[in-house]
Amino acid sequence: MTVCQVLREDPELAEAVGPAERERAIEECVARTMSLARGRWNIQTATAMHDGIGVLVLEGLLIRRVGIDGRFGAELLGEGDLLRPWQGQSDSPTLTQTTGWRVLEPMRLALLDEHVERRFAAFPPLTGYLVGRALERSRNLTINMAIVHQARVNVRLHILFWHLAERWGRVGTEGVILPLGLTHSVLSDLVAARRPTVTSSLSELSRQGKVRPVRDGWLLSGDPPGELLELQRVSLPPNDAVNGHR
């Protein structure tokens with residue numbers, strides 16, 4: 001394992017600290033890193049870490065699948081997400097669950113263990129910012145749940161692509177590029193649909209000029225679907241909704 005300056009790797013996190021202390025925080029907030037290749041991630045053997053703040057994704061893409069009685073839901077995680085993958089694994093839930101983690105794009109993680117926790121404690125604004133990251137992940141899950149309740153799969157996919165583009169997309173000459181290697185199988189997990197249905201729905205979106213695969217990932221054309229804007233509005237806390245903030 002190597003070490004990294006967490007706040008240099010994550011500039012948004014660094015901005016949580018005031019200018020007067022920011023450089024010192026960048027120098028002092030160091031953490032061990034871990035790299036993961038594509039494929040299944042066995043969290044039981046991947047790291048001995050079972051305490052501290054959690055694991056911060058610096059690079060890469062990960063999908064988490066949770067199933068009950070053979071029916072799965074999925075969550076896509078990437079740069080900036082804060083995880084505690086071991087949490088809840090030793091519990092005995094009432095419902096028998098199947099949980100799997102798979103690395104889609106090679107990952108680099110910062111291990112925010114108890115040593116890093118003490119370093120972060122010297123800069124109190126970091127705590128609030130990390131809590132905010134966790135709450136944003138919860139909000140994203142709420143939107144994902146609403147997406148899979150849309151009746152038509154092509155609508156689910158269209159909303160999902162734009163939802164992901166808000167975080168990872170970049171504006172290109174022809175539209176918005178979503179630079180994620182999402183296969184039809186992965187997309188079927190994310191929208192809770194069968195893979196053949198996803199394939200036919202993607203063909204329909206392509207014919208409509210809304211979404212099509214490109215070398216860098218996916219190209220989104222036109223405007224975001226109105227359903228997404230409504231989902232975002234209702235998922236915001238009341239004050240944020242009034243003020244128009246995300």
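Leaving aside its neighbours within four places in sequence, which residues is Arg108 in contact with? Before we look, please keep in mind that this is a predicted model, where local features need pLDDT of at least 70, side-chain atom pairs count only at pLDDT 80 or more, and totals for chains, interfaces and linings use all residues. Residues are numbered from 1 along each chain as its sequence is written, and side-chain values use heavy atoms, with hydrogens and water left out.

Let's start with Arg108 itself, which sits in strand β7, residues 98-112 (strands, E, at least two residues, and helices, H or I, at least four, are DSSP runs numbered from the N terminus). Beyond those sequence neighbours, Arg108 has contacts (heavy atoms within 4.5 Å) with Cys4, Glu9, Thr33, Met34, Ser35, Leu56, Val57, Leu58 and Glu59. Arg108 counts as buried because its relative accessibility is 18%, buried being under 20% relative accessible area, exposed over 50% and partly exposed in between, with a 1.4 Å probe and protein chains only.

Now turn to two helices. Helix α7 (residues 153-168) packs against helix α8 (residues 184-191) at about 100°, with axes 10 Å apart. Axes are lines fitted to C-alpha atoms, for helices over the stretch in contact, and angles run from 0 to 180 degrees between N-to-C directions. The pair is therefore roughly perpendicular, the word for 65 to 115 degrees. From α7, the contact uses Val153, Arg156, Leu157, Leu160 and Phe161, and from α8, Leu187, Leu190 and Val191.

Leu160 of α7 is buried, because its relative accessibility is 3%. Setting aside neighbours within four places in sequence, Leu160 touches Asn144, Ile147, Leu187, Leu190 and Val191.

Technical notes: Angles under 35 degrees count as roughly parallel, over 145 as roughly antiparallel, 65 to 115 as roughly perpendicular and the rest as oblique.
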